[in-house]
Amino acid sequence: MDLADRRRRLRGRYEDLIDAHGSPLYVFSENDLRRNYRELRDALDAHYPDSRIHFAVKANFNLGVLSVLRDAGCAAEAYARCELTAAERAGFDPSDVLLTGINRRPADLERALELGVERLLVDNDAELTRVIDAAAETGRDVRVLVRANPALDVPTHPDVATATRETKFGLDLECGRAMAVARRAVAAEGVDLAGVQLHLGSQIRGVEPYAVAAAELLSFAAEIRDDLGVEIDLLDLGGGFPIQYDEPVPETEAIVETMADAIHEASEAHGLTPPRLLLEPGRRLVGNAGTLLGTVGSVKETPHATFAILDVGTNAVSSRWPHPMYSLSGDDRPEREYHVAGPLCFSGDVFAEDVTLSELEAGDVLAIDEIGAYSVASASNTNAEPRPPIVLVRETGDISLVRERQSCRDVFGQDRIPDDLG
């Protein structure tokens with residue numbers, strides 16, 4: 001659903017939503033979540049049916065959102081601690097969870113295996129040792145995927161590129177570290193080397209990196225077969241599927257078709273059976289399904305700019321990306337440019353500068369759109385501000401409250417005052 005459609009949809013409901021749940025407010029659409037999953041699943045069915053989608057729980061671990069994706073048919077990719085708990089509570093079968101991470105505690109690995117998690121990524125040699133020990137401690141066999149790093153040039157923001165030479169993630173292919181870990185995995189008891197994995201990063205702005213990644217990983221898979229006598233049956237190309245903020249991005253089908261063609265070509269070139277494909281999308285499934293509603297408290301003129309100051313700050317969004325903004329009030333007014341800011345006590349609390357909006361006044365409601373990925377996860381309590389509630393607009397049109405608004409008690413709930421200072 002494009003921006004104009006979401007704006008039209010929200011305009012018909014925002015007053016009732018604010019009346020019932022207050023401002024600021026996160027609003028998620030069940031229709032959009034299901035549509036995003038179905039679009040990716042349909043593309044895979046057309047171009048590479050032997051595949052599974054594992055939603056990256058880090059992108060949004062709200063239990064209501066996770067439950068919709070699980071009900072739609074999605075599996076989960078989770079870090080070992082509370083992300084795994086979130087997936088469990090949202091109803092994912094442990095056998096449908098791919099466990100990731102680069103420094104997991106032995107107790108977390110053991111708990112995952114005891115729950116029934118069957119597939120784990122291995123990012124480094126020390127992690128493999130812990131996985132081997134956990135398998136022995138629990139008596140559970142585990143299938144592992146070696147996370148490789150082919151040191152690519154990844155077209156995205158440097159902070160979210162994860163298959164580059166400088167990154168902390170993955171095992172270097174060129175110097176042989178990835179092969180050394182694969183060799184240990186093949187020799188270990190209770191461990192089955194099932195596959196290879198890499199994750200390019202987030203918000204990848206082209207299709208070619210997926211083709212290069214597939215070729216690199218399948219070349220590595222051929223080396224594993226030739227050197228270790230093991231043919232892997234899982235190929236995990238991670239996530240990174242982008243959504244459109246302020247510039248065009250590749251369509252889902254174009255990414256999947258490019259990826260599928262590259263897998264088939266590389267498999268044929270190396271004499272490999274095409275493996276089962278795993279994907280770990282996050283942003284693509286939830287990014288455009290969430291909107292933050294905030295209310296204008298004041299419009300402040302300065303010699304430099306006109307500020308529209310909301311009742312919610314930048315601590316409520318993942319602020320690296322240029323989220324679209326639009327007014328839900330007063331569409332018949334003339335347009336003006338505003339610096340859209342929050343109320344927090346630092347000068348950087350500005351969502352965007354020089355945003356063209358219908359003329360604003362106190363009480364108007366603004367939508368900060370496409371915040372469904374990482375905003376809920378990264379939101380903080382700056383200035384001791386409580387986090388906003390989350391509502392889910394159901395397919396039926398009903399509204400489900402899927403997270404309550406925090407209170408001051410919630411913000412300070414884990415704090416303790418020393419007895420002698422109380």
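I start with Y374, which lies in the loop between β16 (365-369) and α12 (375-378). Helices here are DSSP runs of H or I with at least four residues, strands are runs of E with at least two, and both are numbered from the N terminus. This is a predicted model, in which local features need pLDDT of at least 70 and side-chain atom pairs count only at pLDDT 80 or more, while totals for chains, interfaces and linings use all residues. Residues are numbered from 1 along each chain as its sequence is written, and side-chain values use heavy atoms, with hydrogens and water left out.

Back to Y374. Its phi is positive, about 75 degrees, although Y374 is not a glycine. Y374 is partly exposed, at a relative accessible area of 21%. On the terms: buried is under 20% relative accessible area, exposed is over 50%, and partly exposed is in between, with a 1.4 Å probe and protein chains only.

A384 is another residue other than glycine with a positive phi, in this case near 60 degrees. A384 sits in the loop between α12 and β17 (390-393), and with 31% relative accessibility A384 counts as partly exposed.

One more backbone item: the peptide bond from S23 to P24 is cis, with omega near 0 degrees. P24 is in the loop between α2 (14-21) and β1 (25-29).

Next, the helix pair. How do α8 and α9 pack? Helix α8 covers residues 177-187 and helix α9 residues 208-228; the angle is about 50 degrees and the axes are 11 Å apart. The axes are lines fitted to C-alpha atoms over the stretch in contact, and angles run from 0 to 180 degrees between N-to-C directions. The two helices are therefore oblique to each other; the scheme is under 35 degrees for roughly parallel, over 145 for roughly antiparallel, 65 to 115 for roughly perpendicular, and oblique for the rest. The crossing of α8 and α9 is right-handed, meaning that the near helix is turned clockwise from the far one by less than a right angle.

On the α8 side, A178, M179, A182, R183 and V186 meet F220, E223, I224, D227 and L228 of α9, where contact means heavy atoms within 4.5 Å. By class, this contact has 7 nonpolar, no polar and 3 charged residues. Nonpolar covers Ala, Val, Leu, Ile, Met, Phe, Trp, Tyr, Cys and Pro, charged covers Asp, Glu, Lys and Arg, and the others, Gly among them, are polar.

V186, in α8, is partly exposed at 33%. Neighbours within four places in sequence aside, V186 is in contact with L193, L228 and V230.

Last, the rings. How many aromatic pairs are there? The count is 2, taking rings of Phe, Tyr and Trp (its six-membered ring) with centres within 6.5 Å; planes under 30 degrees apart are stacked, over 60 edge-to-face, and the rest tilted.

Y210 and F241 are edge-to-face, 5.4 Å centre to centre with 75 degrees between the planes. Y210 lies in α9 and F241 in the loop between β9 (234-236) and α10 (252-270), so the pair ties together parts 31 residues apart in sequence. Y210 is buried at 1%, and F241 is buried at 2%.

Y245 and W321 have ring centres 5.8 Å apart and planes at 5 degrees, so this pair is stacked. Y245 is in the loop between β9 and α10 and W321 in the loop between β12 (306-310) and β13 (325-327), 76 residues apart. Y245 is buried at 10%, as is W321 at 11%.
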